[in-house]
Amino acid sequence: MTTAPAVEQWLVLVGLPAVLTVSWLSGLGGSLAFGLGAESLWASERTALTAFTANYAHVHARHLFDNIINFWVTLFAIYPLVAIAGWSRRFRLSLLSYLFVVPFGIAAVTLAVLEPNPWQVAVGFSGVVAALLGLLPVVGAAALCAETDGVISPVWAVVPFCGSLGLVFLAPSITAEPIGMLVGVGWLLAASVIGGLCWWADRPLDLGDTRDRLPDDHRLAFLIGATVFVFGVFGAFVFVGSATNVWGHLAGYVAGFVIPYVGFVVLPAVGSVVR
């Protein structure tokens with residue numbers, strides 16, 4: 001279920017994976033990779049360029065295959081929710097930012113967190129896929145808002161996002177230090193407090209009637225979206241290999257949430273209050 005025009009579907013679902021595949025087949029993965037020995041993102045023209053190109057390069061077929069499959073699964077969960085929410089334009093703007101801006105943020109966070117290593121490189125599309133995963137709770141909350149005639153506010157999207165960050169920092173893949181556990185617990189507490197405040201400020205009532213009135217395809221869209229979100233978080237941050245750039249995933253995920261949440265939920269809400 002989607003309202004996206006056929007051209008968009010072909011470009012996103014076929015064209016982009018084709019670009020990733022051609023990039024891998026060309027054997028240029030090593031040349032396009034982002035070196036982790038750079039002093040900063042702007043240390044040289046090559047460093048700045050590869051900060052972008054590395055996201056579209058792969059060295060191993062398995063890595064490419066995994067990223068394309070995860071990309072498709074995440075988009076198949078997002079598109080129905082975009083249609084329900086009426087977020088087609090917002091989705092396109094978010095996707096463009098993920099493709100052309102977020103890669104630089106991923107590279108910057110990677111350099112800032114990981115130990116400099118001139119012999120190590122970063123490649124792969126998984127950071128952009130993580131950004132799409134960050135979009136899921138936002139567009140899901142927007143779809144719920146549309147289905148409930150505004151009874152459920154899109155502001156609620158921050159609750160599952162904070163909860164997921166709690167899980168991420170509790171996972172040993174991020175850090176085994178005690179500070180990581182404290183940060184994780186802090187995010188879980190933040191999710192509980194924010195959820196309580198949202199409930200207190202605008203308690204959604206009669207949700208049972210709304211659920212019963214949902215068309216079957218809409219109910220399925222919400223179920224698929226929630227399932228992909230939960231398993232996507234576990235797949236991106238918990239069940240990962242030792243060589244995985246989890247911090248790159250995290251940078252993409254946070255940016256993927258913040259961009260649409262601030263741009264399309266928070267700022268319009270603040271604007272309506274000011275007016």
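Trainee: Which residues does Tyr253 touch, not counting residues up to four places away in sequence?
Mentor: This is a predicted model, and in it Tyr253 is listed with Phe91 and Phe125 as having the most contacts inside the largest nonpolar core, a set of 64 residues. Leaving aside residues up to four places away in sequence, Tyr253 touches Ala130, Ala131, Leu133, Gly134, Phe161, Ser164, Leu165, Phe229, Val233 and Phe237.

Trainee: Which helix gives the most to this core?
Mentor: The elements that give two or more residues to the core are helices H1, H4, H5, H6, H7, H8, H11 and H12. With 13 residues, the one that gives the most is H7.

Trainee: How many residues are in the second, separate core?
Mentor: Among the members of this second core are Phe34, Leu41, Ala51 and Leu111. Ala51 is also one of the buried residues of helix H3 (residues 45-53), and the buried residues of H3 pack against helix H2 (29-32), strand S1 (34-35) and helix H6 (102-113).

Trainee: Is Val274 buried or exposed?
Mentor: Val274 lies in helix H12, and together with Val258, Val262, Val266, Leu267 and Val270 it forms a nonpolar patch on the surface, with about 480 Å² of accessible area in total. Exposed means over 50% relative accessible area; because the relative accessible area of Val274 is 68%, this residue is exposed.

How values were computed: Residues are numbered from 1 along each chain as its sequence is written. This is a predicted model: local features need pLDDT of at least 70, side-chain atom pairs count only at pLDDT 80 or more; totals for chains, interfaces and linings use all residues. Side-chain values use heavy atoms; hydrogens and water are left out. Buried means under 20% relative accessible area, exposed over 50%, partly exposed in between (1.4 Å probe, protein chains only). Helices (H or I, at least four residues) and strands (E, at least two) are DSSP runs, numbered from the N terminus. Contact means heavy atoms within 4.5 Å. A nonpolar core is a set of buried Ala, Val, Leu, Ile, Met, Phe, Trp, Tyr and Cys residues joined through side-chain atoms within 4.5 Å. Patches are made of residues with over 30% relative accessible area and no salt bridge: like charges are joined within 9 Å, nonpolar side chains (Val, Leu, Ile, Met, Phe, Trp, Tyr) within 5 Å. Accessible areas come from the Shrake-Rupley method with a 1.4 Å probe; for residues, only the protein chains shown count as cover. A salt bridge is a side-chain nitrogen of Lys or Arg within 4 Å of a carboxyl oxygen of Asp or Glu.
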